[in-house]
Amino acid sequence: MTAFQSRGWLLSGVLILLSAFFPLADAAAPGFAPQAVLYAAALVFLLVGGRRRPGGASFAAALVLLVASAAALTAIVHRPDVAGGASWGFWLKAVGLWLASWMAVDGIADGEKAGASRWHDLAPAVLFGATLLALWEWIVAGFGIQPINLLAPSAIGAAVGYYAQTLVQDFVWTFLREVLLGWLVGSGAGFAVALVADRIPFLRRGLLPLGNIVSALPIVGIAPVMIWWFSYEWPSKTAVVIAMTFFPMLVNTVAGLAATGSLERDLMRSYGATYWPTLVRLRLPAAMPFIFNGLKINSTLAMIGAIVAEYFDGPTMGMGFRINTRAALSDSGIVWAEIAVAMVAGSLFYGIIALVERAVTFWHPSYRRA
């Protein structure tokens, strides 16, 4: 437990206890039961949670009380007398709880540094994301922000359930047909051309500057051109994704193939290895961190390219088409639902590539544990 964490736990407990002296809202009705949970959590933060190591029984108890307190505060903010009119009492509790959550995540991250179990790699990101969603919910409900300006996470979740069939159709159309296919073809073509350019120095010197120029092309400029070339259906959107993912993969692969040192190449030549054995056994393994870097960059570029390309004329289906048409009708529910699906799909796609990268490049210094 660092001094920063101890002060954070202490401050969070003080803020939560201080909130007892202020009303939840101007017209708030008495609601002591949820507040009692918060007060108990504050005492735990002060007397127990802030003095124990992360992973201990008392820390786990403080974490459970923290989650329960956050759930109670979420229920409070949706009460008719609090929603849209939260007062100092509510916001002191919210800030105190969010600060305590921050300290809890920080403590779990410290456990990762100390060589704790593997779940610590993922837990800080998941827990911190959950705290941000809770803070988002409290702010939207507490201030009474209109849905057209910002939708609360709970309302987005309800919209995802309500429009599930439409979201599945759009996901299949956009992600499986346009994003995934375009990513595979664009990245594969970039990798193949990089191998050819590595063999022919003239192409390497000529293609890399061209790649930088093409990477700077605006999507809104090339999307209509692709529609003229490949019709209004999904192939034109896939072509946009291929154009966006080709050169990042080319540049990263060429840089990776040049990453091996002269000593390693001389050693392979001393063994009598020709170009292809040297490429397969030395240069491609050394280039893997660069290649996976290109694949990860392309995973996000592909999603952005497909959704933006669907803003232009095309079939009446797809995430970009749905966001464009429903935003014009101020239908914020399905717009946020499409954004949520795209965000989750893109994050999972990136995470799968990162997991494969870790399995392939386990030898890299960045993955070695002390």
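The structure is a predicted model, and the values below are computed from it. Rings whose centres lie within 6.5 Å are taken as pairs, and by this rule the count comes to twelve aromatic pairs.

**Aromatic pair within helix α4**
- Among the pairs is that of Trp 98 and Trp 102, which is tilted, with 5.9 Å centre to centre and 45° between the planes.
- Both residues of this pair, Trp 98 and Trp 102, belong to helix α4 (residues 88–113), where they are four residues apart, about one turn of the helix.
- An α-helix has 3.6 residues a turn, so residues three or four places apart point the same way.
- Trp 102 has a relative accessible area of 36% and is therefore partly exposed.

**Aromatic pair of Trp 229 and Phe 230**
- Trp 229 and Phe 230 form an edge-to-face pair, with 6.4 Å centre to centre and 70° between the planes.
- Trp 229 counts as exposed because its relative accessibility is 61%, whereas Phe 230, with a relative accessible area of 39%, is partly exposed.

**Aromatic cluster and charge over a ring**
- One aromatic cluster is formed by Phe 171, Phe 175, Trp 183 and Phe 349.
- Over the face of Tyr 275 lies Arg 199, at 4.0 Å from the ring centre.

**Helix α10**
- Helix α10 (residues 234–257) consists of 24 residues and reaches 34 Å from its first C-alpha to its last, which is close to the 34 Å expected at 1.5 Å a residue.
- Of the 24 residues of α10, 18 are buried, so this helix is largely enclosed by the rest of the structure.

Key: Residues are numbered from 1 along each chain as its sequence is written. This is a predicted model: local features need pLDDT of at least 70, side-chain atom pairs count only at pLDDT 80 or more; totals for chains, interfaces and linings use all residues. Side-chain values use heavy atoms; hydrogens and water are left out. Rings of Phe, Tyr and Trp (its six-membered ring) pair if their centres lie within 6.5 Å; planes under 30 degrees apart count as stacked, over 60 as edge-to-face and the rest as tilted. Helices (H or I, at least four residues) and strands (E, at least two) are DSSP runs, numbered from the N terminus. Buried means under 20% relative accessible area, exposed over 50%, partly exposed in between (1.4 Å probe, protein chains only). A charge sits over a ring if NZ of Lys or CZ of Arg is within 6 Å of the ring centre and within 35 degrees of the ring normal. The expected span of a helix is 1.5 Å times one less than its number of residues.
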